[in-house]
Amino acid sequence: MVLLQHKLSVKLSQRQILTPGLVQMVSVLALNKLELKDMINSEMVENPVLEELEDSVPLLDEVGKKEEDRERAAAATTEENPITAAEKKDPFEEIDFGSFFQDYLDPGYRTHSEMEEIERPSFENFLSKPSNLTDHLSWQLGALSLRPEVREAADLIVGNLNEDGYLIASDDELLGIAPPAPPEADAETAKKIVNEAQALGIAELAVDPAKDADSQHQDLASEGIAGSPDIDAATGVASVTATPAGSEPRAEASFSSNPGISAAAVAPAPEPPKRVNSSYVPRFSAADLQEALQVVQQLDPPGVGCRDLRECLLAQLRFHEAQLAQHKNGNGTAQVLQDAMAVVDQHLKGLQNKQYKEIAKAIARPIEAVQAAFDYIRTLDPRPGLRYNKVQARLIEPDVAFVKHGDEWLVIMNDEDLPQLRLNPAYKKLVTRDGTNDKNTRDYVKERYKSAIQLIKNIEQRKQTITKVCYSIVARQQEFLERGIDFLKPMMIKEVAEEIGVHPSTVSRAVASKYAHTPQGVFELRYFFSESVQGPEGGGTSLLILKRRVKKLIEEEDPSRPLTDEQITRILQSQGIQVTRRTVAKYREDMRIPSTHQRRVKK
């Protein structure tokens with residue numbers, strides 16, 4: 001039987017622990033210029049030992065030294081000539097005549113501002129908040145006379161609109177019957193709507209402003225895309241009869257090679273489930289919700305508050321039809337609008353597959369009319385909410401500059417506007433053991449000195465690391481800097497790390513969120529790192545260059561006979577780039593380019 005007893009044991013182990021100095025060095029290396037400037041300013045506020053070194057502004061110790069010299073000289077002058085110094089002082093100058101006349105000479109009336117001097121904040125501090133889609137719709141709802149139940153439902157609908165202006169939440173969720181859907185499901189629904197618009201070729205007109213830098217780096221299909229044309233809309237409440245969200249959806253006509261495929265029958269409505277436990281209990285009914293939804297869908301911008309792309313496009317087309325009937329801001333003829341509404345209402349899937357001939361036969365119109373309707377549909381806005389949900393532009397300031405001096409490329413760090421730090425020597429007196437300062441004061445100053453020295457070293461280490469990485473980039477990408485983006489060479493982070501003798505994670509932090517000013521423009525440092533195309537002859541071709549070639553081949557193809565992935569593969573192989581058909585298909589999907597069947601235009 002094993003007895004339980006207390007024992008002492010010694011264990012020797014090794015652990016890798018990051019000191020506070022290393023943690024700060026890693027964090028400082030990952031900062032760009034603007035973030036580093038904010039970090040230095042905050043450190044100067046917290047650490048009194050740090051001060052900014054400026055040529056135009058005198059230092060604190062210099063100011064104190066000058067004041068001491070001035071006081072010493074004045075004291076010496078007073079001791080030498082005490083009577084003369086007293087005679088030079090005129091007591092008449094000590095009288096404040098301004099306050100004397102203001103207090104004792106009454107002009108008869110004085111305003112409140114003259115009697116009281118109050119420090120008020122500057123008007124520059126009162127900046128207006130940019131309005132978004134919710135504010136714009138709430139302002140319009142405030143001008144309408146609605147029942148309290150309908151207004152509550154309308155406010156709830158406006159609050160549940162996504163940034164594109166679509167109502168993703170279902171009626172049961174708004175009524176509190178069903179639990180709210182997870183954010184992932186809502187994001188998937190919004191992505192599905194954007195993909196449908198991209199298949200029609202109208203999503204390019206509304207680029208997502210919140211796209212991050214990495215997706216812009218990989219998505220080359222977004223280059224050269226024009227902005228969305230503004231659609232004329234009434235400033236007030238539009239008189240549009242929107243389709244109720246709860247009405248029965250029409251069957252979508254789809255042209256398939258299999259004749260057995262048909263529109264599915266609409267299933268009977270299930271029994272309403274019980275209300276889930278929720279802190280919010282709405283005071284409106286389902287009928288009030290449908291009435292509020294129709295009210296919201298009549299507001300500006302047209303197409304807001306819809307459930308899917310079909311409803312959004314139909315709402316905009318009905319708005320244009322109403323404007324044309326009133327001879328106000330009508331864009332297009334009535335026949336084109338009718339054809340466009342028929343195509344969107346019944347044959348949206350066929351329009352995505354460019355089945356113009358089948359659509360023309362189904363609506364009994366010539367193929368030219370279908371093409372004109374499609375051209376008009378492309379002018380609509382598939383994401384009307386982005387017009388008011390504007391994202392502030394992110395300020396980019398290059399951290400480095402690649403400059404050619406003669407035959408040599410130089411890397412110049414952009415240190416302008418960065419505070420130059422130095423240690424304030426006045427605090428050295430507090431560290432000495434002269435008996436005037438206690439131990440706590442000396443320990444605090446020593447700790448602040450160590451922190452300030454560590455920060456200055458880390459900033460200098462950051463500068464040296466970024467300079468080494470940039471010189472390695474310049475040595476490998478000289479053709480790109482001199483001749484253009486088509487000469488970008490593949491380069492891996494691991495290769496640069498081995499060349500300068502650091503860990504790959506250090507190089508990754510050194511190029512994170514940092515930009516370089518080059519003769520070809522401003523590029524993110526991560527842009528220069530890309531994989532190479534696998535193959536015996538394609539090892540020297542960058543992945544970005546391959547995507548550009550695939551995109552260029554598709555742009556120059558015949559719309560009636562578009563290139564297949566296999567044909568593109570053969571063309572690239574003839575150019576010395578050994579790729580497979582699956583690789584070409586993957587890159588084409590990454591650039592959001594439709595398939596061959598969707599790109600084909602039938603004449």
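Visitor: How do β2 and β5 pair, parallel or antiparallel?
Guide: Strand β2 (residues 400-405) and strand β5 (residues 515-518) pair in the parallel sense, over 2 bridges. Two strands count as paired if DSSP finds at least two bridges between them. Strands (E, at least two residues) and helices (H or I, at least four) are DSSP runs, numbered from the N terminus. This is a predicted model, where local features need pLDDT of at least 70 and side-chain atom pairs count only at pLDDT 80 or more, while totals for chains, interfaces and linings use all residues. Residues are numbered from 1 along each chain as its sequence is written, and side-chain values use heavy atoms, with hydrogens and water left out.

Visitor: What about β2 and β3?
Guide: β2 pairs with strand β3 (residues 408-413) in the antiparallel sense, over 6 bridges. They also form a hairpin, with 2 residues between them. Gly406 in that turn has a positive phi of about 70°. His405 stands opposite Glu408 in β3.

Visitor: Switching to helices. Which residues of α7 are buried?
Guide: In α7 (residues 133-142), these are Leu133, His136, Leu137, Gln140 and Leu141. They cover an arc of only 135° around the axis, which puts them on the same side of α7. The arc is that of the directions from the helix axis to the C-beta atoms. Buried means under 20% relative accessible area, exposed means over 50%, and partly exposed is in between (1.4 Å probe, protein chains only).

Visitor: What do the buried residues of α7 pack against?
Guide: The buried residues of α7 pack against α8 (148-159) and α12 (286-297). A contact here means heavy atoms within 4.5 Å.

Visitor: And which exposed residues are on the face turned away?
Guide: Trp139 and Gly142 are the exposed residues there.

Visitor: What caps the N-terminal end of α7?
Guide: Asn132 does, with a side-chain oxygen 3.4 Å from the backbone nitrogen of Thr134. A polar contact is a pair of N or O atoms within 3.5 Å; within protein, one must be able to donate a hydrogen and the other to accept it, and residues adjacent in sequence count only if both atoms are side-chain atoms.

Visitor: How many disulfides are there?
Guide: The search of the whole structure finds 0. A disulfide is a covalent bond between the sulfur atoms of two cysteines. The cut-off used is a pair of cysteine sulfur atoms within 2.5 Å.

Visitor: New topic, rings. How many aromatic pairs are there?
Guide: The count comes to 7 aromatic pairs. The rings of Tyr356 and Phe374 have their centres 5.7 Å apart and their planes at 45°, so this pair is tilted. Rings of Phe, Tyr and Trp (its six-membered ring) pair if their centres lie within 6.5 Å; planes under 30 degrees apart count as stacked, over 60 as edge-to-face and the rest as tilted.

Visitor: Where are Tyr356 and Phe374?
Guide: Tyr356 lies in helix α16 (residues 356-362) and Phe374 in helix α17 (residues 367-377), so the pair ties together parts that are 18 residues apart in sequence. Tyr356 counts as buried at 3% relative accessibility, and Phe374 counts as buried at 6%.

Visitor: What kind of pair do Phe480 and Phe528 form?
Guide: Phe480 and Phe528 form an edge-to-face pair, 5.4 Å centre to centre with 85° between the planes. Phe480 is in helix α19 (residues 478-483) and Phe528 is in the loop between β6 and α22 (543-555), 48 residues apart. Both are buried.

Visitor: Which residues make up the cluster?
Guide: Ring pairs link Phe402, Phe480, Phe523, Tyr527 and Phe528 into a cluster.

Visitor: Last one, how many helices and strands does the protein chain have?
Guide: The protein chain has 25 helices and 6 strands. Of its 603 residues, 36% count as buried.
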